[in-house]
Amino acid sequence: MAKTKSTSAQFVSTGICNFCQGEFEKPRMSQHLKFCKQRKAYQETANSTDAEKTRLFQLFVEGRYLPMYWLHLEMPASALLEDLDSFLRAMWLECCDHLSGFKVGKIAYSSPEPYFEWVDEEQDEPDTEQPEAENVVPDEVVAATDAASPQAKLTPDEAIGNLVELLYTEYRAYLTDLIGQPLEEIENKLLDLFTTRVQSDTTLLGSPEVQKEIHSLAHVIEIGLMESLAQADEENQYMDVELEKAVQVGTKFSYTYDYGSSTYLTLKVMAEREGVPVKDEDGDLVRILAQNVPPPMVCRECGKPATHVIAGYYDVTENALCEECAKKSEFRDGMLLPVVNSPRVGVCAYTGGVEMAWEFEEEEWEEDEEDEEGEGEEEGE
Ligand SMILES: [Zn+2]
Ligand SMILES: [Zn+2]
Ligand SMILES: [Zn+2]
């Protein structure tokens with residue numbers, strides 16, 4: 001309806017160099033960082049201290065499908081992929097502790113510890129975990145049980161989401177023996193998993209929505225298993241691997257946060273140098289050299305600057321609202337998310353990261369300890 005108000009077609013992405021505060025078009029930033037005088041001065045100051053020099057990688061990161069969100073970073077080559085993962089989560093992505101992973105060529109690097117706790121270890125009444133005790137679990141125990149346990153009441157969406165996460169984290173245990181099996185076998189396995197591990201309440205399993213999802217999931221898995229036959233040489237590792245063991249200058253790689261409502265990032269190692277890494281007080285290993293200027297986001301109803309996006313749309317820029325129109329709209333609570341400078345804007349429950357982008361205050365160039373604290377850019381309700 002208000003498509004003509006969209007500015008995305010004419011939009012040229014620019015970013016700010018964190019050393020000189022200069023604004024440059026996205027394709028020119030890499031070149032600028034090479035020659036930025038303030039950056040050079042900063043490096044010389046850092047290198048003149050007694051601190052130990054180390055190999056540093058300069059990385060470029062952008063949203064694969066939302067490339068107007070981008071960063072130039074620097075971090076020690078000896079830092080772990082895990083450190084980069086933590087940084088990306090804090091800066092751009094974290095909403096509900098979803099799984100994530102890097103992919104470098106044929107090697108997939110995933111989080112060492114799957115976050116899902118299927119059995120509540122702190123449960124002091126082991127009886128409640130026994131199937132025969134299921135129907136006599138007192139209310140308090142049900143309330144205290146992990147939301148992912150089969151007893152928890154889930155919506156069809158949540159239940160399917162949990163099933164997918166379960167398959168993702170433990171696919172070797174459940175799926176590899178299904179390679180080459182007919183579709184019905186795969187579907188039976190999923191139904192079995194669903195009742196034993198996701199939701200024991202069979203009314204949910206009986207719902208047409210869940211039946212349909214499981215059926216299509218079985219199809220997808222069948223295709224995936226065929227593919228895994230073809231890619232048998234693919235390697236799986238954990239991301240507690242040093243960057244320099246996984247990538248080198250010129251390596252392009254990818255990152256996925258959340259295997260449900262995924263945010264995909266593309267990364268490239270742009271350059272390397274020997275220098276003193278900058279660590280701030282909380283020990284962050286990753287420094288932001290440059291970041292995109294927030295792209296314009298206008299209200300789809302009136303064209304004023306938008307403050308909210310409607311959650312769940314593929315194209316968030318076409319589904320943004322200003323404060324006023326948001327109030328007038330039928331969208332409530334969880335359906336509206338704040339406009340944030342991140343490729344995860346409008347996805348899942350993402351409300352913005354820790355503001356770390358503008359840390360290169362001149363005072364920090366001195367050796368003086370600064371106790372500046374990053375502040376969240378969005379206030380929670
Ligand atoms: Zn600069
Ligand atoms: Zn989430
Ligand atoms: Zn409006």
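This report covers the sheet, the helices packed on it, and the zinc sites of a predicted model.

Local features need pLDDT of at least 70, side-chain atom pairs count only at pLDDT 80 or more, and totals for chains, interfaces and linings use all residues. Residues are numbered from 1 along each chain as its sequence is written, chains are lettered from A and ligands numbered from 1 in the order in which they are written, and side-chain values use heavy atoms, leaving out hydrogens and water.

## The sheet

The sheet is open and has 10 strands. Their order is E2-E1-E10-E4-E3-E9-E8-E5-E6-E7, with mixed pairing. Strand E2 (23–25) and strand E7 (235–238) are the edges, each pairing on one side only. From one strand to the next, the twist averages 25 degrees. Helices (H or I, at least four residues) and strands (E, at least two) are DSSP runs numbered from the N terminus. Two strands pair if DSSP finds at least two bridges between them. Such pairing runs through backbone hydrogen bonds, either parallel or antiparallel.

Strand E6 (residues 107–110) pairs with E7 in the parallel sense, over four bridges. Tyrosine 109 has glutamine 237 in E7 as its bridge partner.

Now strand E3. Antiparallel pairing joins E3 to E9 over 10 bridges. Seven bridges join E3 to E4, also antiparallel. E3 and E4 form a hairpin, with six residues between them. Glutamine 58 shows both contacts: alanine 271 is its bridge partner in E9, and glutamate 74 stands opposite in E4. Eight of the 10 residues of E3 are buried, so the strand is largely enclosed by the rest of the structure. Buried means under 20% relative accessible area, exposed over 50%, and partly exposed in between (1.4 Å probe, protein chains only).

Contact here means heavy atoms within 4.5 Å. Axes are lines fitted to C-alpha atoms, for helices over the stretch in contact, and angles run from 0 to 180 degrees between N-to-C directions.

Helix H3 (residues 81–93) lies across E3, E4, strand E5 (100–104), E6, strand E8 (252–257), E9 and E10. H3 runs at about 145 degrees to E4.

## Zinc sites

Donors are N, O and S atoms within 2.8 Å of the metal (3.2 Å for Na, K and Ca); water is not among the atoms, so sites may look incomplete.

| Zinc ion | Donors | Distance |
|---|---|---|
| Ligand 1 | Cys17 (SG), Cys20 (SG), His32 (NE2), Cys36 (SG) | 2.0 to 2.3 Å |
| Ligand 2 | Cys95 (SG), Cys96 (SG), His98 (NE2), Cys348 (SG) | 2.0 to 2.3 Å |
| Ligand 3 | Cys299 (SG), Cys302 (SG), Cys322 (SG), Cys325 (SG) | 2.3 Å |

Four donors count as tetrahedral if all angles lie between 85 and 135 degrees.

**Ligand 1.** The four donor atoms subtend angles of 102 to 116 degrees, which makes the arrangement tetrahedral. The donor spacing is C-x2-C-x11-H-x3-C. Cysteine 17 lies in strand E1 and cysteine 36 in the loop between H1 and helix H2 (37–47), so the pair ties together parts 19 residues apart in sequence. Cysteine 17 is buried, with a relative accessible area of 0%. Cysteine 36 is buried at 2%.

**Ligand 2.** This site is tetrahedral, with angles of 101 to 115 degrees among its four donor atoms. The donors follow the spacing C-C-x1-H-x249-C. Histidine 98, in the loop between H3 and E5, and cysteine 348, in the segment after strand E13 (336–338), link distant parts of the chain, 250 residues apart. Histidine 98 counts as buried at 10% relative accessibility, whereas cysteine 348 is partly exposed at 32%.

**Ligand 3.** Angles of 100 to 117 degrees among the four donor atoms make this site tetrahedral. The spacing along the chain is C-x2-C-x19-C-x2-C. Cysteine 322 and cysteine 325 are buried.

## Positive phi

Most residues other than glycine have a negative phi. Cysteine 348 has a positive phi near 50 degrees. Aspartate 258 also has a positive phi, about 80 degrees. Aspartate 258 sits in the loop between E8 and E9 and counts as buried, at 2% relative accessibility.

Technical notes:
Four donors count as tetrahedral if all angles lie between 85 and 135 degrees; four count as square planar and six as octahedral if opposite donors are over 155 degrees apart and all others between 65 and 115; anything else is irregular.
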